[in-house]
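Here is a short tour, written to be read with the model open beside you.

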Amino acid sequence: MIRTLSEVLTGTKQVSQCSEEQVAEVLQQADAVLIGAGAGLSAAAGLDYTDEAQFAERFPGMLQYGARCQYQLMGYPFPDEALKWGYLSVGLDHVYHAGQTPVYRTLRQIVGERDYFVITSNVDRYFHKNGFAVERIYTPQGDYERFQCFSRCHEGVWDGKPLVATMLPHLNKTTQFIEDRSTLPVCPECGGPVFMNVRGGDWFIEQPYDEQRTAFSEWLSTMHDKHLAVLEIGAGFNTPGVIRYPLERIVNQLGKATLIRINRDQASGPAGTLSMPLAADEALTAVAGAMGYNS
Ligand SMILES: [Zn+2]
């Protein structure tokens, strides 16, 4: 699809908004629902990596180093492991202890008893926590709950939750450093730095997600003659190769699939796309209402 110069410059396109009734009708008539979710969905659930106010509240000790939001620190080469984990463990602890959230619950309600599969670039396990079955979720970008060797000296991954719980009591909230360095996690094989098992470079270990990738493609292979509602939520142009473009290809290849694109700033799509240029919570609440659910 060729984008106009103004679209390229602004990263957006004026789209005509479809009604929630149109979306509700497609979902109600669907044999199955494929959900593709990006950062915009978890942002609506309170995990907004670009939110500066939330950052200042959650990581006050980071402000003195010039940091203003979590997105800015993705891939940041921390000079000291004690600061790296003083920062990361606070964010991870928040994600680990997140419970059910209204926007994910509304989405679960919309899917109802229909057959479904989820592919998401989010690594926060919010789908798992809101009633979606683990065997129906594919997270190609990794998982915050798993840790791995940062230099990939071996292919193992392990549970990060107890390590975060061990570090946090030693957090100095003023400096954001973990003061007891003996609690910092190290690779059990090489003794070097570790990181979450998330796609951030060549070091990312993908093997833990192979099974779900296979399950996803097997599920898709059964959808050729089905009315498939492809519900894409909050997946923009940061990593469009993970959710956005693959879903467009899927809709193009399957004869009876309809793409519903919920995206506040970038809701345009190929011909036939039902676009909702709204925040995820606003759009899903409207659709749920049109389907007769009172959330
Ligand atoms: Zn190692």
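Predicted model: local features only at pLDDT ≥ 70, side-chain atom pairs only at ≥ 80, totals over all residues.

Which residues does Lys226 contact, once neighbours within four places in sequence are left aside? They are Asp31, Ala32 and Lys256. Lys226 can also be placed relative to Ala257: the two are 31 residues apart along the chain, and their C-alpha atoms are separated by 7.6 Å.

The largest nonpolar core itself has 50 residues. Those that touch the most other members are Val33, Val118, Ala229, Val230, Ile260 and Ala280. As a general background, nonpolar side chains in soluble globular proteins tend to be buried together.

## Helix α11 and its two partners

Two packed helices are described by the angle between their axes and the distance between those axes. Helix α2 (residues 20-29) and helix α11 (residues 280-290) have axes that come within 8 Å and cross at roughly 65 degrees. Angles of 65 to 115 degrees count as roughly perpendicular, so α2 and α11 are roughly perpendicular to each other. Their crossing is right-handed. On the α2 side the contact is made by Glu20, Glu21, Val23 and Ala24, and on the α11 side by Ala286, Val287, Gly289 and Ala290. Sorted by class, this contact has five nonpolar, one polar and two charged residues.

Helix α6 (residues 102-111) also packs with α11, at an angle of about 35 degrees and with the axes 9 Å apart. Here the crossing is left-handed. From α6 come Pro102, Val103, Thr106, Leu107, Gln109 and Ile110, while α11 brings Ala280, Asp281, Leu284, Thr285, Val287 and Ala288. The class count for α6 with α11 is eight nonpolar, three polar and one charged residues. Val287 is listed in the contact with α2 and also in the contact with α6. Ala280, listed in the α6 contact, is one of the core residues named above for touching the most other members.

## Two positive phi values

Most residues other than glycine have a negative phi. Arg152, however, has a phi near 50 degrees, a positive value in a residue other than glycine. Arg152 lies in the loop between β4 (142-149) and β5 (157-159), and counts as partly exposed because it has 17 C-beta neighbours inside 10 Å.

Gln176 is not a glycine either, and has a positive phi of about 70 degrees. This residue belongs to the loop between β6 (171-172) and β7 (177-178). Is Gln176 buried or exposed? Gln176 is buried, because 23 other C-beta atoms lie within 10 Å, and 20 or more is what buried requires.

Thr139 is in the loop between β3 (137-138) and β4. Thr139 has 23 C-beta neighbours inside 10 Å, so it counts as buried. Setting aside residues up to four places away in sequence, Thr139 touches Thr120, Val123 and Tyr209. Asp180 is 41 residues from Thr139 along the chain, with 33 Å between the C-alpha atoms.

Gly200 lies in the loop between β8 (194-198) and α9. With 14 C-beta neighbours inside 10 Å, Gly200 counts as partly exposed. The C-alpha atoms of Gly200 and Phe237 are separated by 17 Å, at 37 residues apart along the chain. Asp210 is part of helix α9 (residues 210-221). Asp210 is exposed, because 9 other C-beta atoms lie within 10 Å, and 12 or fewer is the limit for that label.

Conventions
Residues numbered from 1 in each chain as written. Core = buried A, V, L, I, M, F, W, Y, C linked by C-beta atoms within 7 Å. Axes fitted to C-alpha atoms, helices over the stretch in contact; angles between N-to-C directions. Helix = DSSP H or I, 4+ residues; strand = E, 2+ residues; numbered from the N terminus. Parallel < 35°, antiparallel > 145°, perpendicular 65-115°, else oblique. Left-handed = near helix turned anticlockwise from the far one by under 90°. Contact = placed C-beta atoms within 7 Å. Nonpolar A, V, L, I, M, F, W, Y, C, P; charged D, E, K, R; others polar.
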